Amino acid sequence: MTVGGISSITNGQGAMTSARISSEKGKFEELIRSVYGEASSIGSNIASDQVLPEGRLNGDYGSGFAGTFRSINDKKSTPLGAAANQANPNVKQGTIDRTSKLYEKSLEIESYFVKMMVSQMRKTVLKADGENNFATKMYEDMLFDEYSTAMTKNAGFGLADQMYLQLTNYGVNVEA
């Protein structure tokens, strides 16, 4: 019977785990080098604008509002929701260019407000004991981000329309 160190206690599992981690680390470092153009085994030089869409972080898999409206009819559409229900009959009804960058940013702000509302609603729901860990909270947050984006696209609240009309009245233009 051999009396020894850690290896005899773990039956060599420590060495196997260490080798596996070292192998994975090497593969990851090779991937990083290929992205930055330091190695040619996986790909050639890749520019950051090819890796990431504009304004999105690597690993940000949520849906956004870019390219939501593409039709020629979206260039001059009428307001929806609260923006269509103007209380003042003397205010001229404006048109909205839903393909513009300004409208896309207005949708993002509306989505943020909807997310705040949905998050407050979520706090009223009682949870079981095992549903309060970090991973569950993170997943639920991402899920509710997608819910708010889908609600903003489809519900027709009209907040983005109101913001767009107000900002165009003041001559705001977002092209960057």
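Visitor: Why is Tyr112 called exposed?
Guide: Its relative accessibility is 51%. Exposed means over 50%, buried under 20%, and partly exposed in between, using a 1.4 Å probe and protein chains only. So Tyr112 counts as exposed. Keep in mind that this is a predicted model, where local features need pLDDT of at least 70, side-chain atom pairs count only at pLDDT 80 or more, and totals for chains, interfaces and linings use all residues. Residues are numbered from 1 along each chain as its sequence is written, and side-chain values use heavy atoms, with hydrogens and water left out.

Visitor: And what makes Phe113 partly exposed?
Guide: Phe113 has a relative accessible area of 39%, which sits in that in-between range, so partly exposed is the label.

Visitor: Why is the ring pair of Tyr112 and Phe113 called tilted?
Guide: Rings of Phe, Tyr and Trp (its six-membered ring) pair if their centres lie within 6.5 Å; planes under 30 degrees apart are stacked, over 60 edge-to-face, and the rest tilted. Here the centres are 6.2 Å apart and the planes are at 55°, so this pair is tilted.

Visitor: What makes Phe144 and Tyr147 edge-to-face, then?
Guide: Their ring centres are 5.2 Å apart and the planes stand at 90°, so edge-to-face it is. Phe144 and Tyr147 are three residues apart in helix α5, which means about one helical turn separates them. (Helices are DSSP runs of H or I, at least four residues, numbered from the N terminus.)

Visitor: How do you know which of those two is buried and which is partly exposed?
Guide: Phe144 has a relative accessible area of 16%, so it is buried. Tyr147 has 42%, so it is partly exposed.

Visitor: What about Glu140, why is that buried?
Guide: Glu140, also in helix α5 (residues 134-155), has a relative accessible area of 18%, so it is buried. Not counting residues up to four places away in sequence, Glu140 touches Arg122 and Lys127, where contact means heavy atoms within 4.5 Å.

Visitor: Why is α4 called oblique to α5?
Guide: The axes of α4 (residues 101-122) and α5 come within 8 Å and cross at roughly 130°. Angles under 35 degrees count as roughly parallel, over 145 as roughly antiparallel, 65 to 115 as roughly perpendicular and the rest as oblique. That makes α4 oblique to α5.

Conventions. Helix = DSSP H or I, 4+ residues; strand = E, 2+ residues; numbered from the N terminus. Axes fitted to C-alpha atoms, helices over the stretch in contact; angles between N-to-C directions.
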